[in-house]
Amino acid sequence: MASSALGVSAVVINYNGEEFLRGCLQSLQRQSRPPDEILVVDNASTDGSLGILSEEFADVRVLALPANLGFAEACNRGIEATDSDLVAILNNDLILDREWLNELHKHVSEEWGAWASLILFERSPNRVDSAGDGMSVIGAAFKIGHTQDVSAYRRPREVFGPCAAAALYRRSLLEEAGGFDSDFFLIHEDSDLNLRARMLGFRCLFVPTAQVLHRVNASIESFSAAYVFYGHRNSEILFWKNMPSRLLLTYLPERLLFNLLALLYFTFKGRGVSFLHAKLAFLRQFGSILRKRRGIQQGRKLSAGRLRRQLERNWLKHRRKGLSKL
């Protein structure tokens, strides 16, 4: 099927987004190449989100979940409730450039399984939030170009994966990789999917002309207890669940050093207890993580050597320069 004939389902994940949901949906409806359907998955919001949807967006389909199941599971429910060949996953705190979807769609070809947007800070639109996501050898994901000037990110290029705040996926990638891991709840669920998709042979293209403005961390405050807990529990799960044994054993000492440095940092920031709770929660899940690991490694198509060439070696650089996802 020609790329121009592939339909797109836009899935917007919402949780208490009354303040910014309206702007997101309006910018989505104004797309020069509109999505074939728009679905809002609401994670049991307790604000006026559902009222806005029913009163102002009657043409938008809503999937109201009975409880807050987290970003990852909300994505899965939205994917299951749609049937287009391409699925756009969107945060509710975005303003999309009018050509956003058209630019992504123009770059759809058999070569790519996912497409990353140029995500800019709403308050500083000349600064990059994400130009796609990268992955380090210790399983610590990072945002490419984070805080840098947008002028350095004007050319399409292959990246490790998209940031799911504004990403386009082939349904075949989502199905073969098994979707998002709902155990992550939120934070790093996209990084985990990126790594699994990479090991299955899927590739991602960064499209700089597909621009969005992002109100970063609107749903969960930076350095809140929940932010530190989910970020560092999930980063640990990502490493142990996915990394091929050869790479896991090679970079485990550096992973432990990373954890030590992070503990010192978050203790200084007053979040040391949240960090330790994250690691304890990871240990409690270790049995189920190993069971998932067996299936992932059995299905892996990419050799450890080829995967290693796609991973960033200098993980400390990204921490020092503030380019990490946490």
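**Aromatic rings**

Mentor: Happy to. One aromatic cluster is formed by Phe239, Trp240, Phe282 and Phe286. Keep in mind that this is a predicted model.

Trainee: How many aromatic pairs does a search of the whole structure find?

Mentor: The search turns up 10 aromatic pairs. Tyrosine 169 and phenylalanine 180 make one that is edge-to-face, because their planes stand at 90 degrees, over the 60 needed, with the ring centres 6.1 Å apart.

Trainee: Where do tyrosine 169 and phenylalanine 180 sit in the chain?

Mentor: Tyrosine 169 belongs to strand S11 (residues 166-170), while phenylalanine 180 lies in the loop between helix H5 (171-177) and helix H6 (189-199). They are 11 residues apart, and the pair links distant parts of the chain.

Trainee: Is tyrosine 169 buried or exposed? And what about phenylalanine 180?

Mentor: Tyrosine 169 has a relative accessible area of 1%, so it is buried. Phenylalanine 180 is buried too, at 3% relative accessibility.

Trainee: Switching topic: what kind of pair do phenylalanine 258 and tryptophan 315 form?

Mentor: That pair is edge-to-face, with 6.0 Å centre to centre and 85 degrees between the planes. Phenylalanine 258 is in helix H8 (residues 245-268) and tryptophan 315 in helix H12 (residues 315-320), 57 residues apart.

Trainee: Why does phenylalanine 258 count as buried?

Mentor: Because its relative accessibility is 4%, and buried means under 20%. Tryptophan 315 has a relative accessible area of 7%, so it is buried as well.

Notes: Residues are numbered from 1 along each chain as its sequence is written. This is a predicted model: local features need pLDDT of at least 70, side-chain atom pairs count only at pLDDT 80 or more; totals for chains, interfaces and linings use all residues. Side-chain values use heavy atoms; hydrogens and water are left out. Rings of Phe, Tyr and Trp (its six-membered ring) pair if their centres lie within 6.5 Å; planes under 30 degrees apart count as stacked, over 60 as edge-to-face and the rest as tilted. Helices (H or I, at least four residues) and strands (E, at least two) are DSSP runs, numbered from the N terminus. Buried means under 20% relative accessible area, exposed over 50%, partly exposed in between (1.4 Å probe, protein chains only).
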